[in-house]
Amino acid sequence: AVNATLIAGTYLVIAVLGSYAAARALRVSPGLSVAAALFATFNVHLLYWDAGSWTPALIGFAWFTWFVAAVWWTRRDIRFAAAIPVAGFMLVTAGWPHAMIAAGVVALIAGLQQLFEKKWGLRQALTFSAACIATALLSAPTWITAKVFADWAARAPHGLFNDGFLT
């Protein structure tokens, strides 16, 4: 139980820092960014369910905040594009599909918004696209092993099953 608490605490700190970075990337004032980070991270669902029993969800949320920060900083300055694959890799290896889907939606909307508002030229759009593709390529080993070992790792006769207590 002590190790699980340490792991949860570590990822709660990562989530707080990522939430603060994402809020600052959205140009929220420092004081309100602190409040947003605390409210986003220390909500009842995240503390009770995710930190207590669904560790991949907590880890996925923690890295999702950093992914959002990376995407929004990249919108402001394309030189931050290198942070997208790093945050994306960490997010995918957390293993929480909802965070992966949310990250894809965020990246798609941010990229399309930049193109439609004509804030990016071809070079910036290609750089952003390359960062997103690099995220997929870096996380390919995660997807490949999940596919290869899915039948072997199934914990129930009808496929994957979880009792809600992964710690």
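This is a predicted model: local features need pLDDT of at least 70, side-chain atom pairs count only at pLDDT 80 or more; totals for chains, interfaces and linings use all residues.

**A helix pair and its surroundings**

Author: Helix H1 (residues 2–25) packs against helix H4 (residues 55–76) at an angle of about 20 degrees, with the axes 8 Å apart. Axes are lines fitted to C-alpha atoms, for helices over the stretch in contact, and angles run from 0 to 180 degrees between N-to-C directions. H1 and H4 are therefore roughly parallel (angles under 35 degrees). The contact of H1 with H4 has 20 nonpolar, four polar and two charged residues. Nonpolar covers Ala, Val, Leu, Ile, Met, Phe, Trp, Tyr, Cys and Pro; charged covers Asp, Glu, Lys and Arg; the others, Gly among them, are polar.

Residues are numbered from 1 along each chain as its sequence is written, and side-chain values use heavy atoms, leaving out hydrogens and water.

Arginine 27 lies between H1 and helix H2 (30–41). Its phi is positive, about 65 degrees, although arginine 27 is not a glycine. Most residues other than glycine have a negative phi. Arginine 27 is exposed, at 62% relative accessible area; exposed means over 50%, buried under 20% (1.4 Å probe, protein chains only).

Last, the whole chain. The protein chain has eight helices and zero strands. Helices (H or I, at least four residues) and strands (E, at least two) are DSSP runs, numbered from the N terminus. Of its 167 residues, 36% count as buried.

Technical notes
Angles under 35 degrees count as roughly parallel, over 145 as roughly antiparallel, 65 to 115 as roughly perpendicular and the rest as oblique.
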